[in-house]
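Hi everyone, thanks for coming. Let's take a quick tour of this structure, one piece at a time.

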Amino acid sequence: MSAESLDARYQRQIPLFGKEGQKKLKNARILLAGAGGLGSAIAMYLAAAGVGYIRIVDEDVVETSNLNRQILYRETDIGSCKVEAAEKTIHALNRDVDVDAVCRHINEKSVGNLVQGVDMILDGMDNFAARYILNRAGLDEKIPFIHGAVNGFYGQVTTLIPGVTPCLRCIIPTTPTWEKNAIIGVTCGAIGSIEATEAIKYITGTGELLKNRLLLWDGLRGESESIQIVNSPECTDCGFSESEPDARRFPV
Ligand SMILES: [Zn+2]
């Protein structure tokens, strides 16, 4: 796209963070873990905002039951590999986004390669096993991890920065009982949009991040609050390690 048409494309948002901020978005490299309900909202808004590179990772194919919330997909995508369908939708919106579509399971083995060369990790997962693996990888590579999770009409978001904030394991030590409960698309939209907002603020240096705070969204009441979160001295991910019992990975 020519410089003039790029300016036109982003003219309504450039006043928020300047052309410099827009350039930062163009140069940003994002790992989007999960191309489901949360991932759909995150991908669409980051692509619309002009984020230059999105590595989108998911191993699933599109199913009929995904369509109530996963707005990256159409009925004609049923049976297709999610990340390939996602790439198509993202490119229909913004051809300039470099999409790296990775159809792979996120586990201890694969995560090292998946986080290579990215500036931040965005949580579009539907399970805490994978989230803990991403949390650990973010700590190891000192990459910020924007956590989001949804349950029915409820959701939560926080921005986890190694050495600055608690990690995911500090605030949620074990898998909560509510994972994979019922879900409606609007909650994924609300929480995914807040995650994308955090990413845009982080990249452009705008506003105040959800650092050391967990935002709780109650869609049924139409209310949100943010509660303070702190490092846990017992955290097995960012706290004491077995090999270095006297040294914390990150100071509290
Ligand atoms: Zn921790």
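Let's start with a helix, α3: 11 of its 13 residues are buried, so α3 is largely enclosed by the rest of the structure. Before I go on, a caution: this is a predicted model, where local features need pLDDT of at least 70, side-chain atom pairs count only at pLDDT 80 or more, and totals for chains, interfaces and linings use all residues. Residues are numbered from 1 along each chain as its sequence is written.

Buried means 20 or more other C-beta atoms within 10 Å of a residue's own, exposed means 12 or fewer, and partly exposed is in between, with C-beta atoms placed from the backbone. Helices (H or I, at least four residues) and strands (E, at least two) are DSSP runs, numbered from the N terminus.

Which residues of α3 are buried? Among them are Gly 37, Leu 38, Ile 42, Met 44 and Leu 46. The helix covers residues 37-49, and at 1.5 Å a residue it should span 18 Å; its end C-alpha atoms are 19 Å apart, which agrees. That expected span is 1.5 Å times one less than the number of residues.

Leaving aside neighbours within four places in sequence, Leu 46 is in contact with Ile 30, Val 51, Ile 54, Ala 196 and Ala 199. Contact here means C-beta atoms, placed from the backbone, within 7 Å. Leu 46 is also one of the residues with the most contacts inside the largest nonpolar core, which has 65 residues. A nonpolar core is a set of buried Ala, Val, Leu, Ile, Met, Phe, Trp, Tyr and Cys residues joined through C-beta atoms within 7 Å.

On to the strands. β6, residues 154-160, is mostly covered, with six of its seven residues buried. β6 pairs antiparallel with β5 (residues 145-151) over seven bridges; strands pair if DSSP finds at least two bridges between them. His 147 has Thr 158 in β6 as its bridge partner. The hairpin of β5 and β6 has two residues between the strands, and Gly 152 there takes a positive phi near 60°. β6 also runs antiparallel to β7 (residues 213-218), joined by four bridges, and Val 157 stands opposite Leu 215 in β7.

Last stop: Ser 232, in the segment after β8. Is Ser 232 buried or partly exposed? Ser 232 is partly exposed, because 17 other C-beta atoms lie within 10 Å. Not counting residues up to four places away in sequence, Ser 232 touches Pro 166, Cys 170 and Gly 239.

Note on methods. Contact = placed C-beta atoms within 7 Å.
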